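Open the model in your viewer and keep the sequence panel beside it. This tour moves from one selection to the next and says what is found at each stop.

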Amino acid sequence: MKDEMKIILDKIEEYNRIILFRHFRPDGDAVGSTKGLREILRLTYPEKEILLINDDQSDYLQFLGGEDEPIPDEAYADALGIVLDTATPDRISNKKFALCRELIKFDHHINVNAYGNYAWVEEEKSSTCEMVVEFYLAFRDRLKINSAAATYLYTGMVTDSGRFRFRSVSGDTMRCAGALLDVGIDTDILYAHLYLQDFSDLKFKAEVYKKMKITENGVAYFYVTEAMQKKLNLTSEQASAAVSYLDSIKGSLIWIAFIENGDGSTRVRLRSRFVTINKLAEKYRGGGHDCASGATVYNRKEANALIKEADAILKEYKETHEDWL
Ligand SMILES: [Mn+2]
């Protein structure tokens, strides 16, 4: 039993109102961990008010259902806030988190920015959902779960680990996933929701493969211009997905998608195998995990400089390592 888990359970039991938060532009882990924990807490403590309130909603994962309606500011004052899957306070979707009497950070990102009164951060975990499952299993005599909660948590585990393919996946990850499957999940329905593609998405994919480029040493990259987003009627979520289209090219250990935001800035999504790229992302107003980072550039010149640096990193890596592919 980890000390942090005990503190979090004690705090949950102490409060009558608990408000859950996540980061804006939510991914499967942000949605799954908040909805999963909300369900577990509602089942276990029907007398408590367990709320999930955020400012933005995502189209992605709508099949998992909605969040809760806003409440008056005063109602935050005697509440416990729990922020899941969010590395820094500026990324919390609902800014009213600051009104909560006490706040807990519950996350698996690199802990560069500690916030809240208590924190449970495990940087090596494959997802925040895995941590929620670990929390549930630690107190399984006391906490209740159902197949809806299991489905939310499994969704976050699957999506944040690239279908259990990323290096962060451990034996514990699979044991947690196994515990959820034992509760009961309709994986046929879940995977259909997650992985069936729209015709227009495939058209976009075709465009990416037509226009992608590769540097001398194997950095694959691609620009999603504003014009292309308009032409193909892409949401920013669809455009951002472009980075994963480049993830299976032999010899290309670093791949990058540039997505124009429409305000003069360009979102950069960097991915890699074996090679570490978060230091590079940090040089361009970003950061993240070893092999999955984000950054921002303001013009093509800066984008080209970033590509050049990535190419040099990859050259050095290939010269000094073996068994990469
Ligand atoms: Mn996550």
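**First stop: the metal site**

Select the manganese ion, which is coordinated by Asp29 (OD), Asp85 (OD), His108 (NE2) and Asp160 (OD), at 2.2 to 2.4 Å; donors are N, O and S atoms within 2.8 Å of the metal (3.2 Å for Na, K and Ca), and water is not among the atoms, so sites may look incomplete. This is a predicted model, in which local features need pLDDT of at least 70 and side-chain atom pairs count only at pLDDT 80 or more, while totals for chains, interfaces and linings use all residues. Residues are numbered from 1 along each chain as its sequence is written, and side-chain values use heavy atoms, with hydrogens and water left out.

Along the chain, the donors of the manganese ion follow the spacing D-x55-D-x22-H-x51-D. His108 lies in the loop between strand 4 (102-107) and strand 5 (118-121) and Asp160 in helix 4 (residues 147-160), so the pair ties together parts that are 52 residues apart in sequence; helices (H or I, at least four residues) and strands (E, at least two) are DSSP runs, numbered from the N terminus. His108 counts as buried at 2% relative accessibility, and Asp160 counts as buried at 18%, where buried means under 20% relative accessible area, exposed over 50%, and partly exposed in between (1.4 Å probe, protein chains only).

Now select Asp85, found in the loop between strand 3 (80-84) and strand 4, which counts as buried at 1% relative accessibility. The phi of Asp85 is near 60°, a positive value in a residue other than glycine. Most residues other than glycine have a negative phi.

**Second stop: helix 2 and its neighbours**

Show helix 2 together with helix 4, whose axes come within 8 Å and cross at roughly 160°; axes are lines fitted to C-alpha atoms, for helices over the stretch in contact, and angles run from 0 to 180 degrees between N-to-C directions. That makes helix 2 roughly antiparallel to helix 4, given that angles under 35 degrees count as roughly parallel, over 145 as roughly antiparallel, 65 to 115 as roughly perpendicular and the rest as oblique. Among the residues that meet here are Asp29 and Gly32 in helix 2 and Tyr152 and Asp160 in helix 4, contact meaning heavy atoms within 4.5 Å.

The contact is made by Asp29, Gly32, Ser33, Leu37 and Ile40 of helix 2 and Thr128, Cys129, Val132 and Tyr136 of helix 3.

Within helix 3 (residues 128-138), select Glu130, which is buried, with a relative accessible area of 0%. Which side chain does the side chain of Glu130 meet in a polar contact? The partner is the side chain of Thr173, at 2.8 Å; a polar contact is a pair of N or O atoms within 3.5 Å, and within protein one must be able to donate a hydrogen and the other to accept it, while residues adjacent in sequence count only if both atoms are side-chain atoms.

**Last stop: Asp186**

Finally, select Asp186 in the loop between helix 5 (171-183) and helix 6 (187-195), where Asp186 counts as partly exposed at 48% relative accessibility. The side chain of Asp186 reaches the backbone nitrogen of Asp188 at 3.3 Å and the backbone nitrogen of Ile189 at 3.2 Å.
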